[in-house]
Amino acid sequence: MATSTPVNVPSKMKAWVYGQYGKPEDVLKLESEVDVPDVNDNQVLIKVVAASLNPVDFKRMYGEFKATDSPPPTVAGYDVAGVVVRVGSKVKEFKVGDEVYGDVHEHALNPKGCGTLAEYTAAEEKVLALKPKNLSFAEAASLPLAVETAYEGLESARLSACESVLVLGGAGGVGTFTIQLSKHVFGASKVAATCSAGKLELLKTLGADLAIDYKSNKYEDLPEKFDVVYDTVGEADRGIKALKEGGRVVTIVGGQSVVPPAFVFVVTSTGSVLTRLKPLIEEKKLKPVMDPKSPFPFSHTIEAFSHLQCGRATGKVVIYPI
Ligand SMILES: NC(=O)C1=CN([C@@H]2O[C@H](COP(=O)(O)OP(=O)(O)OC[C@H]3O[C@@H](n4cnc5c(N)ncnc54)[C@H](OP(=O)(O)O)[C@@H]3O)[C@@H](O)[C@H]2O)C=CC1
Ligand SMILES: CC[C@H]1OC(C)=C(O)C1=O
């Protein structure tokens, strides 16, 4: 069992909380007397240094997943980077003082416990990893849910070395990691990706061999076809038309009719993916991509949500300092 020196932890904290489903600007409130979460035997308590936003945050707030959600009141937020201040009795991998990061909700559509848009959060040991020393807390907070979705989604599509991939939505939180992982981890022979005209060069620096301006090109009409299409924008049906014989479309966007060879993928948060990618992160072969407006200070979280909801964020929207 990890040994630890007790750290003074207050009983109350600031946190962004919503008591009912609705739009962030209507229901999300900064409260100052929220109970600091307890930790069970398998959890650690984290002093939050940075957090990042994901579309699932506002979709959950709208009530899109109410059938499987833990009902409000809810502390919002999935991604965290911070410092361990307390460990449960069965925690083995971490000790007080460790710098950690992760997506605290193992099952994105069935989230339980405290979110990360708070001064403290609690998380199961298995969803966390040690923060790479070459990443700031803000950079680290930008990775977990998006990079795990990119990695696990590519695994589910069985992208293998020397195969080709088309990423629909290459400039987003998930898309920027999907390009990098396809090239530098999965060894794709050809990586193509779509974005608007102003982001073409960014996608090439991330590893795209071909960046397609989706506003002036219909990718499914291009002569080149792909083994895998990774859809982050809800275009699985069009993606099928861009496939080679035997190809497959992995889509991460719900609410669309999806037929084989397309399938829907939903991320499972696990620190093991972050640990597996740690050498690549330390070698700078896998890099965080922060939206130019990031980071937003904790007090500006509503503005951060508005920016993310516009659907034009480039890379990740990060909340720092907290
Ligand atoms: N199933 C799962 O496990 C998960 C699902 N998701 C879902 O995946 C989707 C993407 O998430 P995330 O990457 O965080 O989203 P982002 O908000 O980060 O995506 C924003 C990006 O999308 C790009 N974009 C928007 N429309 C298009 C389009 N038609 N073609 C190409 N690019 C486009 C924009 O680029 P531009 O300005 O150039 O248009 C922008 O850079 C969301 O719906 C999210 O809910 C996310 C994570 C996990
Ligand atoms: C099933 C798609 C849903 O799951 C996550 C994590 C999102 O962001 C979604 O839209």
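1. In this note a residue is called buried under 20% relative accessible area, exposed over 50% and partly exposed in between, judged with a 1.4 Å probe and the protein chains only. At 26% relative accessibility, Leu 202 therefore counts as partly exposed. Leu 202 belongs to helix 6 (residues 200-206); helices (H or I, at least four residues) and strands (E, at least two) are DSSP runs numbered from the N terminus.

2. Basis of the note. The model is predicted, and local features need pLDDT of at least 70, side-chain atom pairs count only at pLDDT 80 or more, while totals for chains, interfaces and linings use all residues. Residues are numbered from 1 along each chain as its sequence is written, chains are lettered from A and ligands numbered from 1 in the order in which they are written, and side-chain values use heavy atoms, with hydrogens and water left out.

3. Polar contacts of ligand 1. A polar contact is a pair of N or O atoms within 3.5 Å; within protein, one must be able to donate a hydrogen and the other to accept it, and residues adjacent in sequence count only if both atoms are side-chain atoms. An oxygen atom of ligand 1 lies 2.6 Å from a polar side-chain atom of Ser 196. A backbone N or O atom of Ala 313 also lies 2.6 Å from an oxygen atom of ligand 1. On the nitrogen side, a polar backbone atom of Phe 265 is 2.8 Å from a nitrogen atom of ligand 1. The protein covers 87% of the 930 Å² of accessible area that ligand 1 has on its own, areas being computed by the Shrake-Rupley method with a 1.4 Å probe and, for residues, with only the protein chains shown as cover.

4. Ligand 2. The residues around ligand 2 are Val 56, Lys 59, Ala 108, Leu 109, Ile 252, Gly 254 and Val 266. By class they are 5 nonpolar, 1 polar and 1 charged. A polar side-chain atom of Lys 59 lies 2.9 Å from an oxygen atom of ligand 2. Taken alone, ligand 2 exposes 300 Å², of which the protein buries 85%.

5. Helix 2. The buried residues of helix 2 are Val 56, Asp 57, Phe 58, Arg 60 and Met 61. Phe 58 has 11% relative accessibility and therefore counts as buried. Gly 63, which follows helix 2, has a positive phi near 95 degrees.

6. Backbone geometry to inspect. Pro 72 and Pro 73 are joined by a cis peptide bond with omega of about 5 degrees, and Pro 73 is placed in the loop between helix 2 and strand 4 (74-75). Another cis peptide bond joins Tyr 320 and Pro 321, with omega of about 0 degrees; Pro 321 is in the segment after strand 15 (317-319). Arg 158, a residue other than glycine, has a positive phi near 60 degrees, and Cys 162 has a positive phi of about 75 degrees although it is not a glycine. Arg 158 is found in the loop between helix 4 and strand 9 (164-168), where Cys 162 also lies. Arg 158 is exposed at 55% relative accessibility, and Cys 162 is exposed at 66%.

7. Thr 116. This residue lies in the loop between strand 6 (99-103) and strand 7 (120-124). Thr 116 is buried, with a relative accessible area of 0%. A polar atom of the Thr 116 side chain lies 3.3 Å from the backbone nitrogen of Tyr 78.

How values were computed. Near = heavy atom within 4 Å. Nonpolar A, V, L, I, M, F, W, Y, C, P; charged D, E, K, R; others polar.
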